[in-house]
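Please look through the model shown below before reading on. The text that follows leads from the whole chain to its parts.

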Amino acid sequence: MRSLPDPAASRAVLVGVSRYSTLEPLPAVANNLPALADALTDPASWNLPASHCSVVAEPETQRDMLDPVKAAADHARDTLLVYFAGHGLVDGRGELFFGLPLSVQGHSYTGVTYQALREIVTDCAAQRIVIILDCCMSGRALGLMGGEDLLADQAEIDGSYLLAAAPENGRALAPPGETYTAFTGELLHILQHGITGQPRELDLNTVYQRLRSELAAKGRPTPQKRDRNTAGRLVLAHNRAYRPIPAPSRAAASETDWPDPDECHTPLAFLDALAETRVLTGLTIPALSERTDPPVAPATISRLLNRTTLPATWKTTGIYLAACGLHPEQIKAWQSAWQRLRTHEQQSPEPPLAPPQPPAQTWRARLPGRRRKRH
């Protein structure tokens, strides 16, 4: 089971520009920032400490935007997340740059080049880098952030995950009258409400697929992604819509012909009975893992069921049996059997060393009727 990035060793920087002097204003961007910060710091989501989530609203200069990114990159050891919402512009060479309040289309020195951001994050010591860009290349009309090039192609970074609002030759929508931009509004809905039918934790690829399907269904621009290595498996948040497979009712659990732990007289018999219990549930190990509370990874359950000696502690076994659907009285009987076998195992003397055996005969010597040659 994948787990969330360590909040204590992670950092997020959320940058947004909604007011422009020569470009169309994007009022929804101003609402994106506090809502996204609340979602990332919520205990039911990522639970990132507030001090680890920097909100940079309306940065006037390049340093106003990049200094907080550099500070976060210097401290992040697990995950660094950088988010930008505003106008995405292109210079005369077609290079991407982010619009600041006084930016002018076509002149990258008036904004922040993507290359400047790239230099900071590629020097970061974090294990994983997540970049979320809610922008395109230029503003074309009220409520639109226009774009002409494939944003992600310019924004690729090895070992990272880029999530971009704009499709190729498309535009990222900031609908007039709506509280948030189209892309970030959908992202916030996922973080705040979860995805029904998905696992306990939402990784970036799952979030991306839901964003694409929901935005496409609404006739809005579909996002794109670029990922390197296994970055797409990085968990972004707890799934608030997660509901484990219901455990059997108390009556059903009592009626199930579970293995009897009192009949387990050896550690191997006990472990075999544990494995048989899972078989009776009809669940795979990953499905059983989804029902464990607190969470137990599938690999941990697999190791438990493939042991040849009793586990030294009871906790994981108890969680496993509860996930199988046994009620507390039944689990107590299993714990008593485990304790009995553990005590016997600890009190038993070490088995004596086996006496040395004579060399085994060769297979030819064991053939019936074969006689040694006389010389």
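How many helices and strands does the secondary structure of the chain come to? The chain has 12 helices and 13 strands. The model is a predicted one, and everything below was computed from it. Of the 375 residues of the chain, 47% count as buried. The accessible surface is about 19,100 Å², and carbon and sulfur atoms account for 51% of that surface. Among contacts between residues at least 6 apart in sequence, 72% join residues that are at least 24 apart.

Leaving aside its neighbours within four places in sequence, leucine 80 is in contact with Arg11, with Ala72 and Ala73, and with Val121, Cys124, Ala126, Arg128, Ile129 and Val130.

Aspartate 78 is in the loop between helix H2 (62-75) and strand S3 (79-85). Is aspartate 78 buried or exposed? Its relative accessible area is 9%, and because buried means under 20%, aspartate 78 counts as buried. The side chain of aspartate 78 makes a polar contact of 2.8 Å with the side chain of threonine 79. When neighbours within four places in sequence are left aside, the residues in contact with aspartate 78 are Pro5, Asp6, Ala9, Ser10, Ala126, Gln127 and Arg128. Ala126 and Arg128 are also among the contacts of leucine 80.

One sheet can be followed strand by strand. Strands of a sheet pair through backbone hydrogen bonds, in either a parallel or an antiparallel way. Here 3 strands form an open sheet in the order S4-S5-S6, with antiparallel pairing. Strand S4 (88-90) and strand S6 (112-113) are the edge strands, each pairing on one side only. Strand S5, residues 96-98, pairs with S6 over 2 bridges in the antiparallel sense. Phenylalanine 97 has threonine 113 in S6 as its bridge partner.

How many aromatic pairs does a search of the whole structure find? The search finds 4. One of them joins phenylalanine 270 and tryptophan 334 in an edge-to-face arrangement, at 5.5 Å centre to centre and with 70° between the planes. Phenylalanine 270 lies in helix H8 (residues 267-281) and tryptophan 334 in helix H12 (residues 328-347), so this pair ties together parts that are 64 residues apart in sequence. Phenylalanine 270 is buried, with a relative accessible area of 0%, and tryptophan 334 is buried at 2%.

Tryptophan 314 and tryptophan 338 form a tilted aromatic pair, with 5.7 Å between centres and 45° between the planes. Tryptophan 314 is in the loop between H10 and H11, while tryptophan 338 is in helix H12, so the pair ties together parts 24 residues apart in sequence. Both tryptophan 314 and tryptophan 338 are buried.

Alanine 312 is also in the loop between helix H10 (298-305) and helix H11 (315-324). Is alanine 312 buried or exposed? Its relative accessibility is 53%, so alanine 312 counts as exposed, the cut-off being over 50%. Leaving aside neighbours within four places in sequence, alanine 312 is in contact with Arg307, Trp338 and Arg342. Between alanine 312 and glutamine 339, which are 27 residues apart in sequence, the C-alpha to C-alpha distance is 9.9 Å.

Terms used. Residues are numbered from 1 along each chain as its sequence is written. This is a predicted model: local features need pLDDT of at least 70, side-chain atom pairs count only at pLDDT 80 or more; totals for chains, interfaces and linings use all residues. Side-chain values use heavy atoms; hydrogens and water are left out. Two strands pair if DSSP finds at least two bridges between them. Helices (H or I, at least four residues) and strands (E, at least two) are DSSP runs, numbered from the N terminus. Contact means heavy atoms within 4.5 Å. Buried means under 20% relative accessible area, exposed over 50%, partly exposed in between (1.4 Å probe, protein chains only). Accessible areas come from the Shrake-Rupley method with a 1.4 Å probe; for residues, only the protein chains shown count as cover. A polar contact is a pair of N or O atoms within 3.5 Å; within protein, one must be able to donate a hydrogen and the other to accept it, and residues adjacent in sequence count only if both atoms are side-chain atoms. Rings of Phe, Tyr and Trp (its six-membered ring) pair if their centres lie within 6.5 Å; planes under 30 degrees apart count as stacked, over 60 as edge-to-face and the rest as tilted.
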